[in-house]
Amino acid sequence: MPSYTSIHLAERPVDAVVAGKTFRPKQQEVPSASSLKDGEVLFQTLYLSLDPAMRGWLNPTRSYIPPVEIGAVMRGSGIGLIVASKSKKFPVGTYATGMCGWSEYSVLNEKHVESLDLPEGAVPTDALGVLGMTGLTAYFGLLEIGQVKAGDFVVVSGAAGATGSVVGQIAKLKGAKVLGLAGEDSKVSWLKEELGFDEALNYKDPEFAKKFRAATKGLIDVYFDNVGGEILDLALSRAKPFARFVMCGAISEYNKKKPQGPKVCCVRSLSLCINLLIHS
């Protein structure tokens with residue numbers, strides 16, 4: 001029988017994920033078509049989405065979704081091909097998305113699978129990017145929570161990432177001025193030259209704090225946060241009264257034993273706290 005590889009959680013990391021310890025691969029036989037139950041499909045994974053939120057799924061704490069159990073296949077969504085089916089909705093040969101986990105093959109119930117419905121000009125991987133979870137997070141986070149409008153000054157941390165890059169482009173389409181923050185000079189150039197950000201800064205620059213204050217002289221209307229930590233504190237100190245802060249993620253804190261919240265405490269930050277929404 002042909003076999004496939006799946007990746008399982010071996011132990012919970014205390015801080016950073018440890019190669020060869022946190023996860024372990026496992027070889028298994030590919031399920032046969034005859035083993036499927038009514039309504040099930042055999043999903044062959046072609047592309048996986050690897051997202052910062054996954055780090056939180058490894059922690060044994062109460063959250064918006066249960067933690068991954070020790071020994072279980074690592075949770076994750078992907079794009080794949082239906083190679084065997086007992087579902088009228090998904091015949092063999094259908095390209096689809098589903099929570100397949102970190103596994104080359106998986107048996108999924110039809111309720112947990114969606115056919116790819118792509119607009120003209122799109123490619124399948126767009127379903128994991130701009131047309132997928134990260135793109136939708138950017139769209140609803142900025143428009144529903146950030147309530148961006150023409151003339152706003154928008155600052156995006158993690159601006160070269162899958163979510164941040166879409167946030168900045170949507171903000172520009174809405175007539176806002178956009179400052180992006182990234183961790184490499186090449187990313188800074190990409191944000192300005194390819195995506196049309198008005199300005200971008202490298203947060204690893206020794207002069208970053210000084211340059212950030214200079215770039216935010218007019219103060220911030222909307223801050224879309226993907227990193228948390230010290231950069232969030234800096235942004236809070238540059239917020240206008242009633243600024244909208246969209247708290248999408250705090251990747252700078254995910255691998256720390258003791259994650260740290262904002263240090264800034266002032267009337268300005270207090271006035272905007274009612275506008276915060278935690279997504280992660």
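Is Tyr223 buried or exposed? Tyr223 is buried, at a relative accessible area of 0%. That residue turns up again in the last of these close-ups, which are drawn from a predicted model.

**View 1. Helices α2 and α3 cross at roughly 45 degrees.** Here we're looking at α2 (residues 133-145) and α3 (residues 164-173), whose axes come within 8 Å. With that angle, α2 counts as oblique to α3. The handedness of the crossing is right-handed. On the α2 side, the contact is made by Gly135, Ala138, Tyr139, Leu142 and Leu143, while α3 brings in Val166, Val167, Ile170 and Ala171. Sort those residues by class and you get eight nonpolar, one polar and no charged.

**View 2. Phe208 and Phe212 make a tilted aromatic pair.** This is one of five aromatic pairs in the structure. The ring centres sit 5.6 Å apart, with 45 degrees between the planes. Both residues belong to helix α5 (residues 208-215), and because they're four residues apart there, about one helical turn separates them. Phe208 counts as buried at 7% relative accessibility, and Phe212 is buried too, at 0% relative accessible area.

**View 3. Tyr223 pairs with Phe245.** Back to the tyrosine we opened with: this pair is tilted as well, at 5.1 Å centre to centre and 45 degrees between the planes. Tyr223 comes from strand β11 (residues 220-225) and Phe245 from strand β12 (residues 239-247), so the pair ties together parts that are 22 residues apart in sequence. Phe245 is buried, with a relative accessible area of 0%.

Conventions: Residues are numbered from 1 along each chain as its sequence is written. This is a predicted model: local features need pLDDT of at least 70, side-chain atom pairs count only at pLDDT 80 or more; totals for chains, interfaces and linings use all residues. Side-chain values use heavy atoms; hydrogens and water are left out. Axes are lines fitted to C-alpha atoms, for helices over the stretch in contact, and angles run from 0 to 180 degrees between N-to-C directions. Helices (H or I, at least four residues) and strands (E, at least two) are DSSP runs, numbered from the N terminus. Angles under 35 degrees count as roughly parallel, over 145 as roughly antiparallel, 65 to 115 as roughly perpendicular and the rest as oblique. A crossing is left-handed if the near helix is turned anticlockwise from the far one by less than a right angle, and right-handed if clockwise. Contact means heavy atoms within 4.5 Å. Ala, Val, Leu, Ile, Met, Phe, Trp, Tyr, Cys and Pro count as nonpolar, Asp, Glu, Lys and Arg as charged, and the others, Gly among them, as polar. Rings of Phe, Tyr and Trp (its six-membered ring) pair if their centres lie within 6.5 Å; planes under 30 degrees apart count as stacked, over 60 as edge-to-face and the rest as tilted. Buried means under 20% relative accessible area, exposed over 50%, partly exposed in between (1.4 Å probe, protein chains only).
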